[in-house]
Structure formats: structure tokens, C-alpha cells
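Let's explore this one together, one question at a time. Have the sequence and the 3D view ready.

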Amino acid sequence: MSDVRIQERLTEKQLTILNGELAREQRSVGMGYILLILLGSFGVHKFYLGKWGFGIIYAILNILGWLTLPIGVGLIFFFVLGIFLIWDLFTLGNQIKKREEKIKAEIISTFQTQS
């Protein structure tokens with residue numbers, strides 16, 4: 001069933017709750033890109049999106065890169081991190097959109113189980 005049809009079935013109270021939760025959980029694409037550009041190697045943009053696991057992986061790759069740079073292995077960690085950051089550069093807007101859709105689906109699912 002389409003998203004619009006599901007929302008049409010919600011009561012006014014449910015729509016108010018849905019819109020309030022979406023507003024509270026909303027993430028800015030602009031802020032996401034700022035965090036990606038300035039602090040992306042530390043995974044801050046992933047933490048901003050609630051993707052804690054990926055944020056920790058980015059931070060670990062960065063730390064391991066710096067720690068092992070003197071023996072040359074660090075370049076491999078930085079290369080992998082760079083690939084991830086370039087991927088995020090092109091997909092960050094879509095990641096934010098998918099996050100919002102997931103939150104909306106979870107809230108609507110909660111409504112449906114309650115009724």
C-alpha cells in the first residue's frame with residue numbers, strides 16, 4: 001500500500017504524533033554534508049544519521065591509519081576510508097531520505113499494532 005494511502009487512514013491524533021516525531025528526528029542534508037566534509041574521517045556524519053556502527057568503523061579506520069602510517073600499512077586504512085567517504089559524498093542525501101522513511105514506517109507500524 002502506498003505511503004499516502006496509509007497516512008489517509010491515520011487519525012488526526014496519529015498524524016500529529018507522526019509529524020511531531022518526524023520533525024524531532026529530521027536531519028538536515030546540508031548539516032550532513034558539512035559534517036562529512038569537516039569531520040568525515042572520524043565518522044561524525046554517520047553518528048549524526050544514527051548509524052553508530054559505521055561511525056565507529058570510520059573512526060577506527062582513521063585511528064589505525066595514523067597509528068600504522070609509519071610502517072606504511074596506514075595508507076591501506078586511509079585508502080579504504082577514502083572509498084567510504086567518496087561513497088558517502090554521492091549518497092548522503094539518499095541515506096537521510098531512507099532514514100526518514102524507516103522512521104515513518106516504524107511509527108506507522110506502531111499505530112497499526114496498537115489498533
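Q: How are H2 and H6 oriented to each other, roughly parallel or roughly antiparallel?
A: This is a predicted model, where local features need pLDDT of at least 70, side-chain atom pairs count only at pLDDT 80 or more, and totals for chains, interfaces and linings use all residues. Residues are numbered from 1 along each chain as its sequence is written, and side-chain values use heavy atoms, leaving out hydrogens and water. H2 and H6 pack at an angle of about 150°, with their axes 10 Å apart; axes are lines fitted to C-alpha atoms, for helices over the stretch in contact, and angles run from 0 to 180 degrees between N-to-C directions. Angles under 35 degrees count as roughly parallel, over 145 as roughly antiparallel, 65 to 115 as roughly perpendicular and the rest as oblique, so H2 and H6 are roughly antiparallel.

Q: Which residues of H6 make the contact with H2?
A: Contact means heavy atoms within 4.5 Å. On the H2 side you will find Gln14, Ile17, Leu18, Glu21, Leu22 and Glu25. Their partners in H6 are Arg99, Glu100, Ile103, Lys104, Ile107, Ile108 and Phe111.

Q: Is Glu21 buried, partly exposed or exposed?
A: Glu21 sits in helix H2. Buried means under 20% relative accessible area, exposed over 50%, and partly exposed in between (1.4 Å probe, protein chains only). Glu21 has 27% relative accessibility, so the residue counts as partly exposed.

Q: How many Å apart in space are Glu21 and Lys104, C-alpha to C-alpha?
A: Along the sequence, Glu21 and Lys104 are 83 residues apart. In space, C-alpha to C-alpha, the separation of Glu21 and Lys104 is 8.5 Å.

Q: How are H3 and H6 oriented, roughly parallel or roughly antiparallel?
A: Helix H3 covers residues 29-39. H3 packs with H6 at an angle of about 160°, and their axes are 10 Å apart. H3 and H6 are therefore roughly antiparallel.

Note on methods: Helix = DSSP H or I, 4+ residues; strand = E, 2+ residues; numbered from the N terminus.
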